Amino acid sequence: MTISPSSASTSSRTTTILGWLTVVSLALTAVMALVISPADVNMGDSVRLLYLHVPTAWLAMYVSFGVTTLASVLYLWKRTRSRFWDLTAGASAEIGVLFLGLTLLIGAIWGRITWGVWWTWDARLTTTAVLFVLYIGYLAVRKVPASPEVQSRRAAIVAIAAFLDVPIVHFAVEWWRTLHQDATFLSDRRLLDPQIGGTMAWTLFLGVVAFTLLYCWLMAHRFRLAWLEDRLADRAMQVAIDERRAEAVQS
Amino acid sequence: MGPRRGRQAMWRDAALVAGKDLRVEARSRVGINQVVPFALLVLIVFAFALDSDRNMLISAGPGLFWVTVMFSGLLAIQRSFVIESDDDARDALRLSGLDGAGIFLGKAGAVAAQLALLEVVLTLGVIVLYGVELRGPVMLLLTCLAATVGLAAAGTVYGIIAAGLRVRDTLLPLLVLPVLAPVLLAAARACEAALAGTPADGWPWVRLLFVFAIIYVTFGVVAFGPLLEEA
């Protein structure tokens, strides 16, 4: 039995439109970041790296891992338990790990230019590195073979255990040492009076929007792929059962 | 069964399981013959790596101590679930009708007891080999208590997740070490503060260790039953 081409595709009209929106907004971000926005007084041109660094961090840490945690909770809660949430959690974590890796990489390059070192044991960096490894562990657990239900529940519990660790790690390393600048937007003092202004703020904002769109687009495809894989496995099982049954009827 | 009886049963089951695990450990002597020597060996290897410079060993002492505890703790946790996988003892445990939370508390308690013993030996090792002088006993004791409970609780939760898998030996460290990162950090800093005679710097860390321990004990009590069902 084969899956018909139309149902085997992970794209639809909506995702195509979303994909184009993403491309356009990313292109706009690139133009804003590289051409229109000015070089920073202190950092020079290296500031342009931050237009990637901040949106990737936003996408990975807040959006992706937030969705993974929420989906895991919804999976564990009996009234909303469904395969949908498990696949959502897994797809989101994969995207999150990828973009957190990018965040660390871009951050390291920026740090080398600005601070003169690739890595420093500052609070934010350390927390992020631990977070990165925590979610790699989560993905490893997802890959451990077991029956689908066992696998899903185990993964959901690991996701929540990892999430519980995040604030503790955060406080621990925060006290340990801090060199990274404060949150640009989300600290209470800065919310009404952001440190950066004008074109720079707009570029950053556009970057965040573009990467959020990118997340949605990747998520739609990754989720559907997982869903199709799931269906394929079910179907293979069904085919095998039918064959055995046919044999039994013949003999 | 009322909540009161339920709680009593939980503690009784915990004592039963802890007693069983500790008896198995005491009779197999794997802990004494292998884990403790391994821990001392790690202390010695650190000294080699750091060029046995006495001042450096003293200043790095707390960190090395806790790294050693963590690695040896991993072995203890793995042992705690290996004894369950022989002869399908885990199935027996599942069918025993013991309270899931009780089993968790028992297993974590047994691991914590072994770790505490190990910490005593390692403390002697640090004093003898690195020349560290003990100061601030109250803070050291509280740090050890909270860190040990936290280590054992978080380790037991992940131990059951990895138990019974072919990849458990490699999966467990990958899962546990990042989760334990704050324990390592906090315990090392608290011990440093105690040894340096500046306890004021250490108390926030001790508090953090207690918070960690409480969170993971609670999480284990809630999650262990379902996890055991499918391990």
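**View 1. Chain B, read along its sequence, follows the pattern α-α-α-α-α-α-α-α.** Chain B holds eight helices and zero strands; helices (H or I, at least four residues) and strands (E, at least two) are DSSP runs, numbered from the N terminus. This is a predicted model, in which local features need pLDDT of at least 70, side-chain atom pairs count only at pLDDT 80 or more, and totals for chains, interfaces and linings use all residues. Residues are numbered from 1 along each chain as its sequence is written, while chains are lettered from A and ligands numbered from 1 in the order in which they are written.

**View 2. The overall build of chain B.** Along the principal axes, the C-alpha atoms of chain B fill a box of roughly 55 × 35 × 30 Å. The radius of gyration of chain B is 18 Å, which agrees with the value near 17 Å that a compact globule of 231 residues would have; the radius is taken over C-alpha atoms, and the globule rule is 2.2 Å times the number of residues to the power 0.38. Of the contacts in chain B between residues at least 6 apart in sequence, 84% join residues at least 24 apart (two residues are in contact if their C-beta atoms, placed from the backbone, lie within 7 Å).

**View 3. Where chain B meets chain A.** Here 23 residues from chain B and 22 residues from chain A make up the contact. On the chain B side, helix H6 (137–162), helix H7 (168–196) and helix H8 (199–230) each supply at least two residues. H8(B) gives the most, with ten residues. This side of chain B divides into 22 nonpolar residues, no polar and one charged (Ala, Val, Leu, Ile, Met, Phe, Trp, Tyr, Cys and Pro count as nonpolar, Asp, Glu, Lys and Arg as charged, and the others, Gly among them, as polar).

**View 4. A look around B:Val157.** Leaving out residues up to four places away in sequence, B:Val157 touches A:Ala161 as well as B:Tyr216, B:Phe219, B:Gly220, B:Ala223 and B:Phe224.

**View 5. Confidence along chain A.** The mean pLDDT of chain A is 82, and 88% of its residues reach 70 or more; pLDDT is the predictor's confidence in each residue, from 0 to 100. In chain A, confidence is highest in helix H4 (residues 83–114), at a mean of 90, and lowest in helix H1 (residues 5–8), at 55. Over residues 1–5 of chain A the pLDDT is below 50, and this stretch has four contacts beyond near neighbours in sequence.
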